[in-house]
Amino acid sequence: MTSVTHSSTDPRTVQLTEDGKLRHFLTIGGLNKAILEEILDTADSFVNMGEQSVKKVPLLRGKTVVNLFFENSTRTRSTFELAAKRLSADVLNLDISKSATAKGETLKDTLQNLEAMGSDMFVIRHADSGAQHFIASQVTPNVAIINAGDGRHAHPTQAMLDMYTIRKHKGDFSKLKVAIVGDILHSRVARSQVQALNMLGAQEVRLIGPKTLLPATFAEMGAKLYTRMEDGLKDVDVVIMLRLQKERMDGALLPSEGEFYRLYGLTTEKLNYARPDAIVMHPGPINRGVEIESAVADGPQSLILNQVSYGIAIRMAVMSMAISGQTQQKVQQQLSAQQSEDDNEEASA
Amino acid sequence: MKLTICGGRLIDPAQQLDEVIDIHIADGRVLALGQAPAGFTPERTLHAEGLVVAPGFIDIGAHLREPGPSYKGNLRSETKAALAGGYTSICCRPDTSPCIDSSAVVQQILDKAEALGQAKVRPIGAMTKGLEGTHLSNMAGLQHSGCVAVTNMRNAIDNTLVLRRCFEYASTFDLRVVFYPEDSWLKGEGCVNEGALATRLGLASVPAAAEAIGLSRVLHLIENTGVKVHFGMLSTARAVEMIANAQKRGLAVTADVDIAHLIYTEKEIDGYNSQFFVEPPLRSAADREALRQGVRDGVLSAISSAHLPHEEAAKMAPFAAAEPGMATLETVLAQGLSLVEQEIISLPQLVERLSTGPAKALGLNSGSLSIGQAADICLFKTDQTWTVQHGELFSAGENYPQKGETLSGQVMFTLVDGRVVFER
């Protein structure tokens, strides 16, 4: 019996063109160090644009980018919108959670309609893990897919802006110990961060949380697991706090907000376990007094606002790389189609 | 109609037969093996040289989609698919729409199946009204109208006292229960096996303990009530071990594993391929090994199809939003033969797990070709290669994950009550 092939949906191949260029950006898994570094380097060229008088480059001129948000998110959507506009793209924002699916339209129908409008790129957030993989397997070669967060699975642009922040402020990954703290179980950000840190060669990746929010299986993603802040933060260079969703604060996962803050909230006192020059990050929006103390969030070690501005540069980098990979692939396909036509003509002649 | 099947290799585990021998059939029954009786002149002779002749396969728990939405399948399409897969009897599951919890629905299914004259249909009734897990169904009435067993499918009966009452009531009529063990709380929204892969993919998972806990609860109640229970679609190593121990203690329990869990592991879902979204979820390689061992040892005395046909759109969604299930009736034999090819089980064992095993588990008087038995027979060619694609398949289900693959082993003839109802 022949083995089953997954060519259409396999994360190991679906994101890259035949010659290894970025084509979709769905997850960190299946990419490689060279591509991650190319993203960081490309972002470097965009990062100071916010301070220039003309905040535009023409890399996506004439392209249509559709922000397809099946889950609400003002912040992430705004940074994608800004990134696309700075690349000179036309941008369409669609809040799908309120329109199409409510009318019973299937996901595939929605996509086909948007494709028919001549879109070149979909930036997608969806509540189901793997939704973007499914979408990437369904769209024509004319559309590039950027994952803006799928279920618990991945949030690769967030992870890359975090990597950018770390590289810019701490340098060489191989010398760094990084701790990620909080609700790991439900976090697509944490999953993408762990993959990116390992791919970039971080010395040590640590995850800290109570066992209800930190299943043992995370060890197999290449992380050391800690249940006590005192142990997990010891000697780390980077502390990344995760947002704790309101609805998870009471019930069977955690007894109370207060106990969580007491054990895992990042206070000035707990930050002292880390190296004195450690940086503090958070994907936002932050819950002050739930996962982080205001004095830490606004303190000298915090890079939370820098992350936001780097986020635009990272999204510009990913979008321009994906469009270029997509264009390249299309040209190659046209060439090979032309070639086979020519061959046929020759054969028939 | 008098018929002779000559020159085939008859494998009948019930008679411990595995030899080239002729079969003579009259009036829908096996009349003689070997020498034709004096004066017997067949109206048709099937030349079965190079074919395996086996008791028609019997399935526990295929979904035949009727009554219910016809775009997912119906009795005509699915019993035809059954014949093409070598099945002559299907004990169909009750979660139809409406569900099989009344004699009227049973009668409707039986009448239609009889009129179609394809595979025999032996419904499994709902154990509770509406499969809701709170009120006992009219089990005696269901049995009287033709149900061979009752089940609550994977719908939870959270109240253990209700479950005990179900067992007590069923055992009153010596009615068998088919049980799919799973702790509904631990399952929650889970759709894949708990482990590193589920963690990486960010999919909600079902721990193996959900099956063990569900099973343990039922085993205790079996000891209490003496009900005869067949466990369906086991997926974990621990469950196989628990069944083996229960059988050693002398409990009257049987169990099956469905074909997908014998062939695949959770690895298939990497890449979010929703064709491999099944319930219970595909498990680890160690679980699959234990299930294969269980089939070899006979702890698992049946292999079920878990056939659950869907239209194409049902799978066209992100993994967890797709509908679970796999269409299998027409690929079970070929996939089972791949286990024979790999020397995991023998060919007679495969035939036994597909015919005699399920018949015994549900107390059916079939699954053997001894003299006087109904001539429900399938003839298959073990090395016949075919491609899983439109034109080869009869099920309305579009969810054969093997589409495009070439498999080895195909049914050439199927006979029900001595009539050739399918030939390729």
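## Domains of chain B

In this predicted model, 26 Å separate the centres of domain 1 of chain B and domain 2 of chain B, taken over C-alpha atoms. Domain 1 of chain B covers 2-52 + 375-423, and domain 2 covers 56-361; domain bounds come from an automatic or database domain assignment. Residues are numbered from 1 along each chain as its sequence is written, and chains are lettered from A and ligands numbered from 1 in the order in which they are written. Local features need pLDDT of at least 70, and side-chain atom pairs count only at pLDDT 80 or more, while totals for chains, interfaces and linings use all residues.

Between these two domains, 29 residues of domain 1 of chain B are in contact with 40 residues of domain 2 of chain B. Two residues are in contact if their C-beta atoms, placed from the backbone, lie within 7 Å. On the side of domain 1 of chain B that touches domain 2 of chain B, the elements giving two or more residues are β19 (377-387), β20 and β21 (419-423) of chain B. Helices (H or I, at least four residues) and strands (E, at least two) are DSSP runs, numbered from the N terminus. β20(B) gives the most to this side, with seven residues. By class, this side divides into 17 nonpolar, nine polar and three charged residues. Ala, Val, Leu, Ile, Met, Phe, Trp, Tyr, Cys and Pro count as nonpolar, Asp, Glu, Lys and Arg as charged, and the others, Gly among them, as polar.

## Domains of chain A

Chain A is divided into domain 1 (33-155 + 309-339) and domain 2 (157-307). The centres of these two domains of chain A, taken over C-alpha atoms, are separated by 27 Å.

In chain A, 20 residues of domain 1 are in contact with 22 residues of domain 2. The elements that give two or more residues to the domain 1 side are α1 (33-46), β4 (144-150) and α11 (304-348) of chain A. α11(A) supplies the largest share of that side, six residues. The domain 1 side has nine nonpolar, six polar and five charged residues.

## Contact between the chains

The contact between chain A and chain B takes 29 residues from chain A and 23 residues from chain B. On the side of chain B that touches chain A, α6 (196-201) and β20 (406-416) of chain B are the elements that give two or more residues. The largest share of this side, four residues, comes from α6(B). Its classes are 13 nonpolar, seven polar and three charged residues.
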